[in-house]
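Good morning, and thank you for making time for this item. Please keep the sequence and the structure in view while I go through the strands, the loops and the cores.

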Amino acid sequence: MPMLYFAAATVFWPNTWYTSDEGYGHPAFKPAPLPLGRYYAVTAPIDDHRLALATGRNDAQGGLITAHHVYDRLTNTWAARAATPAGRQWAAAASLGGQRYNILGGWADFVAYDNNWVYDYPSNTWSVKAPMPVARFDL
């Protein structure tokens with residue numbers, strides 16, 4: 001399965017470069033600019049050619065954001081998707097397969113959270129699942 005990797009671990013500005021195991025990091029390839037820059041966001045693969053980027057901070061937008069975008073490497077485009085249930089920074093994300101992923105925990109307003117949200121790509125919806133046993137951030 002081809003994988004996509006963002007070049008920056010926690011900072012995603014509109015012209016973030018990434019690389020992949022298929023050579024998309026070649027200097028001649030220019031990924032489409034991200035519609036909204038952010039930092040302390042989460043990423044998760046949707047499938048073999050799409051990668052989600054969700055929540056995080058953008059100080060020009062007032063701090064925590066609920067923005068959610070998906071990059072498609074086949075079309076070199078970003079698409080806005082359903083906003084996250086709340087803004088978080090320092091959360092964790094994991095692919096669940098079947099074009100689904102979840103966001104766990106995070107930090108907002110000096111509080112650690114125990115949230116467990118699952119995103120379903122085909123229906124473009126978030127669902128709130130049972131919380132983690134302990135609130136966590138910076139996972």
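Strand S11, residues 92-97, and strand S12, residues 100-104, run antiparallel and are joined by five bridges. Strands here are DSSP runs of E of at least two residues, numbered from the N terminus, and two strands count as paired if DSSP finds at least two bridges between them. This is a predicted model, in which local features need pLDDT of at least 70 and side-chain atom pairs count only at pLDDT 80 or more, while totals for chains, interfaces and linings use all residues. Residues are numbered from 1 along each chain as its sequence is written, and side-chain values use heavy atoms, with hydrogens and water left out.

Within this pair, Gly97 has Arg100 of S12 as its bridge partner, and Ala93 stands opposite Ile103. The two strands form a hairpin with two residues between them, and Gly98 in the turn has a positive phi of about 60°.

S11 and S12 belong to an open sheet of four strands, in the order S11-S12-S15-S16, with antiparallel pairing. Its edge strands are S11 and S16 (125-128), each of which pairs on one side only. On average, neighbouring strands of this sheet are turned by 25° against each other, direction ignored; the axes are lines fitted to C-alpha atoms, and angles run from 0 to 180 degrees between N-to-C directions.

Let me turn to backbone angles. Most residues other than glycine have a negative phi. Asp109, although not a glycine, has a positive phi of about 55°; it lies in the loop between strand S13 (107-108) and strand S14 (111-112). Is Asp109 buried or exposed? Its relative accessibility is 65%, so Asp109 counts as exposed. The cut-offs are under 20% relative accessible area for buried, over 50% for exposed, and partly exposed in between, with a 1.4 Å probe and protein chains only. Asn124 likewise has a positive phi of about 55° without being a glycine, and its place is the loop between S15 (116-120) and S16. Asn124 counts as partly exposed because its relative accessibility is 28%.

I move to strand S9, residues 68-72. Five of its five residues are buried, so S9 is largely enclosed by the rest of the structure. His68, Val70 and Asp72 point one way from the strand, and His69 and Tyr71 the other way. S9 runs antiparallel to strand S6, residues 50-54, through five bridges, with Ala54 opposite His68. S9 also pairs with strand S10, residues 77-80, in the antiparallel sense over four bridges, and there Tyr71 stands opposite Trp78. The hairpin of S9 and S10 has four residues between the strands, and Asn76 takes a positive phi near 55° in it.

What of the nonpolar cores? Each is a set of buried Ala, Val, Leu, Ile, Met, Phe, Trp, Tyr and Cys residues joined through side-chain atoms within 4.5 Å. The largest has 13 residues, and Ile46, Tyr101, Ile103 and Trp126 have the most contacts inside it. Strand S5 (42-45), S6, S12 and S15 each supply at least two residues of this core. A second, separate core of six residues includes Ala41, Leu53, Tyr71 and Trp78.

Finally, confidence. The protein averages a pLDDT of 83, and 79% of the residues score at least 70; pLDDT is the predictor's confidence in each residue, from 0 to 100. Over residues 1-13 pLDDT stays under 50, and the model has 47 contacts for them beyond four places in sequence, a contact being heavy atoms within 4.5 Å.
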